[in-house]
Amino acid sequence: YQRRVHGQPAQEHSEQPAGAVGWLIRMLEPGSGLNSTMWVIINVIFAVLAVVIVLMYFATGSGHVIVFGLLLVGLALSANWLFYELACAKELEKADKKTKKRE
């Protein structure tokens with residue numbers, strides 16, 4: 001399969017754009033976001049959202065904000081569980097490769 005633009009073969013660029021655009025392009029590549037840096041970034045985002053939700057609760061006193069907080073806790077737990085499982089799978093894959101090399 002060859003990528004085409006306007007019916008012509010697309011030219012491949014060897015250089016990625018620098019800065020935020022380059023970072024975004026790297027993060028959108030399949031499998032690139034499954035690393036420890038992304039795990040930390042996601043947890044920082046969850047922490048910031050938790051602070052915002054707590055501030056909203058103190059500002060409004062609404063019970064609806066508590067529901068958002070519970071949803072955030074569930075999302076954070078499920079995302080961290082997914083990252084943990086992916087990390088364990090990578091470790092098992094590495095261990096399998098080492099045992100196959102020894103044989």
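## Phe46 and its partners

Leaving aside neighbours within four places in sequence, Phe46 touches Leu72, Leu75, Ala76 and Ala79, where contact means heavy atoms within 4.5 Å. Please keep in mind that this is a predicted model: local features need pLDDT of at least 70, side-chain atom pairs count only at pLDDT 80 or more, and totals for chains, interfaces and linings use all residues. Residues are numbered from 1 along each chain as its sequence is written, and side-chain values use heavy atoms, with hydrogens and water left out.

## The nonpolar core

Phe46 also belongs to the largest nonpolar core, together with Ile53, Val65, Leu72, Ala76 and Ala79. Such a core is a set of buried Ala, Val, Leu, Ile, Met, Phe, Trp, Tyr and Cys residues joined through side-chain atoms within 4.5 Å. Buried means under 20% relative accessible area, exposed over 50%, and partly exposed in between (1.4 Å probe, protein chains only).

Helices α2 (36–60) and α3 (63–102) each supply at least two of the core residues, and α3 gives the most, with 4. Helices here are DSSP runs (H or I, at least four residues), numbered from the N terminus.

## A stacked ring pair

Rings of Phe, Tyr and Trp (its six-membered ring) pair if their centres lie within 6.5 Å; planes under 30 degrees apart count as stacked, over 60 as edge-to-face and the rest as tilted. This rule gives 2 aromatic pairs. In one of them, Trp39 and Phe83 have ring centres 5.8 Å apart and planes at 15°, so they are stacked. Trp39 lies in α2 and Phe83 in α3, so the pair ties together parts 44 residues apart in sequence.

Trp39 is partly exposed, at 25% relative accessible area, whereas Phe83 is buried, at 13%.
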